[in-house]
Amino acid sequence: IMGMAAALEDACAHLDENVKRVSALRDRLIAGLSKIPHSALNGDPVNRLPGNVNISFPGLEGETILLDLDMHGICASTGSACNSDSLDPSHVLLSIGLPEEIGHGSMRFTFGPQNTMEEAKYLCDVLEEVIPRRRAMSCMWLQGQNKARQFSLKGEQ
């Protein structure tokens, strides 16, 4: 009980400082993601939690993006922490009106006191490489862009 009280006291003493620092990380990520064409910030751009960014990448599946991020040592999520065992899109995203296929391509990034500005920049750099590469391989994306080729079983185009 004493340890919990000390931790709570410390957290409250540095709350404003931590909120400002984590908000700067969040804002850096949002600014970096705005460079990725056809990405969309989910939720209010101003009134949001300090360390939380949820963004959609239409034409992609979040699970595929997670694999690439994991190979770069980055942890993220495709849904809320309370539904981590589900492959369904976030019920929150669906309730704010996002179509299910967009919800499937949404990612949640969370920053805390241990994260650095260098990590936020690294995440942006990795996503700037991963998203276009994955879209170039995505049938959903190509069909949505009217660039998909139709093939027959005989290989005729």
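Predicted model: local features only at pLDDT ≥ 70, side-chain atom pairs only at ≥ 80, totals over all residues.
## The nonpolar core

Let's start inside. The largest nonpolar core holds 24 residues, and Phe57, Leu69, Phe109 and Leu127 have the most contacts within it. Helix H2 (15–33), strand S2 (52–56), helix H3 (62–71), strand S3 (106–110) and H6 each give two or more residues to this core. H6 puts in the largest share, with 7 residues.

Setting aside neighbours within four places in sequence, Phe109 touches Leu29, Gly51, Asn52, Val53, Ile55, Leu69, Ala76, Leu123 and Leu127.

## Helix H2

Arg26 pairs with Asp27 in a salt bridge, with the closest N and O atoms 2.9 Å apart. Asp27 itself is partly exposed, at 38% relative accessibility.

## A charged network around Asp68

The whole structure has 5 salt bridges, and Asp68 takes part in a network of them. Asp68 counts as buried because its relative accessibility is 2%, under the 20% cut-off.

Arg133 meets Asp68 in a salt bridge at 3.2 Å, N to O. Arg133 sits in helix H6 and Asp68 in helix H3, so this pair ties together parts 65 residues apart in sequence. Arg133 is partly exposed, at 33% relative accessibility.

Arg134 also forms a salt bridge with Asp68, and here the closest N and O atoms are 2.5 Å apart. This pair, too, links helix H6 to helix H3, across 66 residues. Arg134 is partly exposed, at 22% relative accessibility. Through shared partners, Asp68, Glu129, Arg133 and Arg134 join into one network.

## Arg135, without a partner

Arg135 is found in helix H6 (residues 117–137). Arg135 is buried but makes no salt bridge, and the nearest side chain of opposite charge, that of Asp68, is 11 Å away.

Beyond its neighbours within four places in sequence, Arg135 is in contact with Ile36, Pro37, His38, Ser39, Phe57, Pro58, Leu60, Trp141 and Leu142.

Terms used: Residues numbered from 1 in each chain as written. Heavy atoms only, no water. Helix = DSSP H or I, 4+ residues; strand = E, 2+ residues; numbered from the N terminus. Buried < 20%, exposed > 50% of the residue type's maximum accessible area, 1.4 Å probe, protein only. Lys, Arg positive; Asp, Glu negative; His and termini not counted. Salt bridge = Lys/Arg side-chain N within 4 Å of Asp/Glu carboxyl O. Contact = heavy atoms within 4.5 Å. Core = buried A, V, L, I, M, F, W, Y, C linked by side-chain atoms within 4.5 Å.
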